[in-house]
Amino acid sequence: MDIQILKWVHEVFHSQTWLNYIMKYITYIGEFGAGAILCALILLIFKKTRWAGVAVAVACVLDVLIVNVILKLSVNRARPWQTYPDLGFQEFHRLIGVREPTDSSFPSGHTAALFAAAVALIMFYKVKGLPALAVAILVAVSRIYLCMHYPTDVLGGIIIGSACGVGGYFLMKLAKKIFLQKFCKKSEQEETVEAPPENQ
């Protein structure tokens with residue numbers, strides 16, 4: 001079923017040059033997790049959004065550990081063009097100038113990274129985080145469109161990335177609670193020590 005979907009996409013859509021290049025540049029948002037990392041860095045810069053940045057950053061770390069360190073190395077699934085070299089996927093990639101990754105096909109790293117960031121933002125900001133989810137969905141679609149992954153690779157990336165986003169949010173909440181308890185307690189102790197004695 002996986003390869004049938006990719007064959008259908010290749011036969012129906014890849015003659016549309018304009019769409020090919022749109023998908024090519026959309027997929028770059030998830031290249032090496034750049035979109036998710038950039039999002040975390042921007043949020044961390046500003047005090048108002050710093051805890052949201054922590055949630056995204058932790059989600060990204062979880063994503064790297066689970067996807068790149070554990071799953072890609074253990075599953076080691078061949079890419080579609082490696083398993084089916086006669087379907088024309090590589091010729092298509094060369095035609096539009098898109099990079100062919102050499103690591104495992106499962107799960108989709110681009111998809112997982114963007115969904116980790118998006119879900120963390122939705123957990124933090126609720127409806128305001130939906131634009132990030134829209135970007136993550138576009139990147140996921142682009143990975144199938146470009147025949148970089150099987151649909152099940154992308155589905156795996158969505159599930160794993162979403163789980164990392166939830167984990168990142170709750171770990172941020174835990175870290176925030178510990179930090180505030182320690183900081184507030186220290187501040188109260190300093191105020192007690194510095195307070196002048198009351199007049200008798």
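Ground rules. Residues are numbered from 1 along each chain as its sequence is written, and side-chain values use heavy atoms, with hydrogens and water left out. As the model is predicted, local features need pLDDT of at least 70 and side-chain atom pairs pLDDT 80 or more, while totals for chains, interfaces and linings use all residues.

Salt bridges. The structure holds six. The criterion is a side-chain nitrogen of Lys or Arg within 4 Å of a carboxyl oxygen of Asp or Glu.

Take Asp103. Its side chain meets that of Lys72, 3.6 Å from N to O. Lys72 is in helix α4 and Asp103 in the loop between α6 (89–96) and α7, so this pair ties together parts 31 residues apart in sequence. Helices here are DSSP runs of H or I, at least four residues, numbered from the N terminus. Asp103 also forms a salt bridge with Arg79, with the closest N and O atoms 2.5 Å apart. Arg79 sits in the loop between α4 and α5 (80–83), so that pair ties together parts 24 residues apart.

Is Arg79 buried or exposed? Buried, at 1% relative accessibility. Lys72 is buried too, at 7%. Asp103 is partly exposed, at 32%. The cut-offs: buried is under 20% relative accessible area, exposed over 50%, partly exposed in between, with a 1.4 Å probe and protein chains only.

Next, helix α6. Glu91 and Arg94 form a salt bridge at 3.9 Å. They lie three residues apart, about one turn of the helix. Glu91 is partly exposed at 43%; Arg94 is exposed at 59%. Elsewhere, Asp2, Arg77 and Asp153 are linked in a network of salt bridges.

Now the space. On a 1 Å grid over the protein atoms alone, a cavity is a set of points where a 1.4 Å probe fits but cannot get out; a pocket is an open set with protein on both sides within 12 Å along at least five of seven lines; lining residues have an atom within 4 Å of a point. Volume is the space filled by probe spheres set on the points, which are joined across faces, edges and corners.

The largest pocket holds about 360 Å³. It is lined by 22 residues, with Phe32, Gly33, Asn68, Gly109 and His110 nearest its centre. Helix α4 gives the most to this lining, seven residues.

Last, Val69. This residue is in helix α4 (residues 50–75) and is partly exposed, at 47%.

Notes:
Helix = DSSP H or I, 4+ residues; strand = E, 2+ residues; numbered from the N terminus.
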